Amino acid sequence: MSRLLKDSDDRRHMRRAIALAWKGRDSVAPNPMVGAVVVREGRVVGEGFHREPGQDHAEVLALRAAGDQARGATLYVNLEPCCHLDKRTPPCTEAIVRAGIGRVVVSQKDPNPRVFGRGIEALRSHRIEVSEGLFESESFEQNRGFASLITQGRPFVTLKGAMSLDGKIATASGDSQWISGARSLSYAHRLRCDHDAILVGIRTAMKDDPRLTSRLKGTKNHQPARVVLDSAGRLDPASRLFSEEGGGPVFLAVGPQAPEDSLRRLEGSGARLLRLPETRPGEVDLSALMAALAKEGLLTLLVEGGARVNASFLAAGLVDRIRVVLAPLVIGGSDAIGWIGGASPPVLDRARRLPGFSVIRRLGDDLLVGADLWGPGSLPAKRGESTGAAETHF
């Protein structure tokens, strides 16, 4: 087989493994999404994907489907096969060796510091050929929530916004619809579709009465859970979050002083309460919120906050990615609302300069810019160490 044809086949089969992995999106957390394909002499003889924690891994299912045809075959998997013992299922590397697989193509190393690279080493120690890195960025995107949980101990957070060229998100009266154009709005709905949950503050929820749903045209939308920072339990039980169908579950992050009668009414409307401590009166502990969302299996969070919420997430060091749409619009006025609230630093040397900043693309008349504060280059934590946040995975 020519090298060119081999590369083409590798790409095709890895894309299939990644597509299979997505089938576990709503059921595998806190585990990663994993898909596997076994190919013998150019023909697919086995497939599998991880369905739920505690159940067989994708590799085991694919090898079982392949049976005796796995001997000498190639296994494609989007995440490095596991090799450690402190989990509920046996190491996949042992199953691969027993099946007689001749070659393994891995897209991404497992970000778990206890595994990172060791699964690949284990396979090579048994004279199995291993190729790695094919579609690595796509695989990281697919499991960025798991990677964040296992190494940072919390969900992966994207801070999103749309602002004028002078950095404003609304006029002094609060009018903000719409700063950006149609293509940017479509992109915003794509972001929602790409996250497990979307978060806003209570002021946004009360002023705009949003649905917080993904409404992409011509495609089936994944609906994120909706999270509202509502320390005092002020959300209207008749909010569109509850009254209109089609969205994900609604979680309210409430503080210890929220009136119980208000909370009962909100629960009656369908709210799921996350009772959290406060860092100061009226502000729930965001770190405690991250832990609560992870417990609910929500490992990627899109923050669509106002200036105050945005500032709180940045100050807490909870932002991994920033995506901002710049519109060809000048609002002006010292009383207009900026994208980041709070107090400014006394000198520029104390301002935060963002790493990974880039101009991503044009969106009609708008410009999409972003910064990646945490990503594949941040992996792994020190090898052999773990945050302990996902010790129950697999």
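Predicted model: local features only at pLDDT ≥ 70, side-chain atom pairs only at ≥ 80, totals over all residues.
Residues are numbered from 1 along each chain as its sequence is written, and side-chain values use heavy atoms, leaving out hydrogens and water.

Strand S1 (residues 35–40) and strand S3 (residues 74–79) run antiparallel, joined by 4 bridges. Two strands pair if DSSP finds at least two bridges between them. Strands (E, at least two residues) and helices (H or I, at least four) are DSSP runs, numbered from the N terminus.

Now the whole sheet. Its 5 strands form an open sheet with mixed pairing, in the order S2-S1-S3-S4-S5. At the edges, pairing on one side only, are strand S2 (43–49) and strand S5 (129–132).

On to the helices. How do H3 and H4 pack? Helix H3 (residues 92–99) and helix H4 (residues 118–125) have axes 10 Å apart, at an angle of about 25 degrees. That makes H3 roughly parallel to H4, a label for angles under 35 degrees, while over 145 is roughly antiparallel, 65 to 115 roughly perpendicular and the rest oblique. Axes here are lines fitted to C-alpha atoms, for helices over the stretch in contact, and angles run from 0 to 180 degrees between N-to-C directions.

Who meets whom? Thr93, Ile96 and Val97 in H3 meet Gly119, Ala122 and Leu123 in H4, contact being heavy atoms within 4.5 Å.
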